[in-house]
Amino acid sequence: MTTIRSCSPADISKLNLCNLDPLTENYARKFYFDYLAKWPSMFIVAENQKGQIVAYVMGKVEEDPDYIKIMGDKYLPWHGHVTALTVAPQYRQMGLAKQLTAQLDGACEQENAWFMDLFVRVSNKTAISMYKRMGYSVFRRVVGYYSDDPTGKGTSEDAFDMRKSLSRDKKKTYIRENGESYRINPEDIYHG
């Protein structure tokens, strides 16, 4: 039996089981603690019967400053962002990612966000397929977004910016058809 619950400060030191995957982004401990302090309802873990953290999702709500509005489609309104979603390899295919994402979606709905977004490596076909089953679609391709290279080839890798409308976005304003072919550079994304 796995329990889904809010992350606690003590859990930060127990994320290693999940972070061993080469496709999982790893951050300094301070980064995790900052997220937990700023967005406690959006840092959710799955704990097994032994007290091990076997999956987690970190998210936030954000929007670009008003002055970015003059830049047209670069402006991002109030939205939820999936910063990290990972499941330990032996706990995959059990629906934990879907459960964690649903909890995060609910937290962002309570914050009246327009949509959810996330970035995923274009080579991570398993994750892309999973996100599509959860209602996400590719909004755009960010060329060279990931500067590290888990394949060892020494090159950067593109990311898909994937999005899913929440209930506030009834007209699906922030979703795009054929997003795979819409290319932008990392510097075209505002990271305020």
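Biologist: Which residues form one aromatic cluster?

Modeller: Rings of Phe, Tyr and Trp (its six-membered ring) pair if their centres lie within 6.5 Å; planes under 30 degrees apart count as stacked, over 60 as edge-to-face and the rest as tilted. One aromatic cluster is formed by Tyr27, Phe31, Tyr32, Tyr35, Trp39, Phe43 and Tyr56.

Biologist: What kind of model is this?

Modeller: Residues are numbered from 1 along each chain as its sequence is written, and side-chain values use heavy atoms, with hydrogens and water left out. Local features need pLDDT of at least 70, side-chain atom pairs count only at pLDDT 80 or more, and totals for chains, interfaces and linings use all residues; the model is predicted.

Biologist: What pattern does the chain follow?

Modeller: The chain holds four helices and eight strands. Helices (H or I, at least four residues) and strands (E, at least two) are DSSP runs, numbered from the N terminus. Along the sequence the pattern is β-α-α-β-β-β-α-β-α-β-β-β.

Biologist: What share of the chain counts as buried?

Modeller: A residue is buried under 20% relative accessible area, exposed over 50% and partly exposed in between (1.4 Å probe, protein chains only). Of the 192 residues of the chain, the buried share is 46%.

Biologist: Which residues touch the most other members of the largest nonpolar core?

Modeller: A nonpolar core is a set of buried Ala, Val, Leu, Ile, Met, Phe, Trp, Tyr and Cys residues joined through side-chain atoms within 4.5 Å. The largest such core has 46 residues, and those touching the most other members are Phe43, Tyr56, Tyr131 and Met162.

Biologist: Which strand gives the most to this core?

Modeller: At least two residues each come from helix H2 (29–38), strand S2 (43–47), strand S3 (53–62), strand S4 (79–87), H3, strand S5 (115–121), helix H4 (125–133) and strand S7 (157–165). With seven residues, the strand that gives the most is S3.

Biologist: What is the C-alpha separation of Tyr146 and Arg121?

Modeller: Tyr146 sits in strand S6 (residues 137–146) and counts as buried, at 9% relative accessibility. Beyond four places in sequence, Tyr146 has contacts (heavy atoms within 4.5 Å) with Glu25, Phe119, Val120, Arg121, Ser156, Glu157, Asp158 and Ala159. Tyr146 and Arg121 are 25 residues apart along the chain, and their C-alpha atoms are separated by 7.6 Å.

Biologist: How many residues apart are Tyr32 and Tyr56?

Modeller: The structure holds 12 aromatic pairs. Tyr32 and Tyr56 form an edge-to-face pair, 6.3 Å centre to centre with 80° between the planes. The pair links helix H2, which holds Tyr32, to strand S3, which holds Tyr56; their separation in residues is 24.

Biologist: Is Tyr56 buried or exposed?

Modeller: The relative accessibility of Tyr56 is 0%. Tyr56 therefore counts as buried.

Biologist: Which loops hold Trp114 and Tyr174?

Modeller: Trp114 and Tyr174 form an edge-to-face pair, 5.7 Å centre to centre with 70° between the planes. They are 60 residues apart: Trp114 is in the loop between H3 and S5, and Tyr174 is in the loop between S7 and strand S8 (183–184).

Biologist: Over the face of which residue does Arg163 lie?

Modeller: A charge sits over a ring if NZ of Lys or CZ of Arg is within 6 Å of the ring centre and within 35 degrees of the ring normal. Arg176 lies over the face of Phe139 at 3.9 Å from the ring centre. Arg163, at 3.6 Å from the ring centre, lies over the face of Phe139.

Biologist: Why do the buried residues of H3 line one face of the helix?

Modeller: H3 (residues 96–110) has 15 residues and reaches 21 Å from its first C-alpha to its last. Its buried residues are Leu96, Ala97, Leu100, Thr101, Leu104, Asp105, Ala107 and Cys108. They line one face because, seen down the axis of H3, they fall within an arc (of the directions from the helix axis to the C-beta atoms) of 165°.

Biologist: Which residues are exposed on the other side of H3?

Modeller: Thr101 of H3 counts as buried at 3% relative accessibility. On the other side of H3, the exposed residues are Lys98 and Gln110.

Definitions and conventions: Expected span 1.5 Å × (residues − 1).
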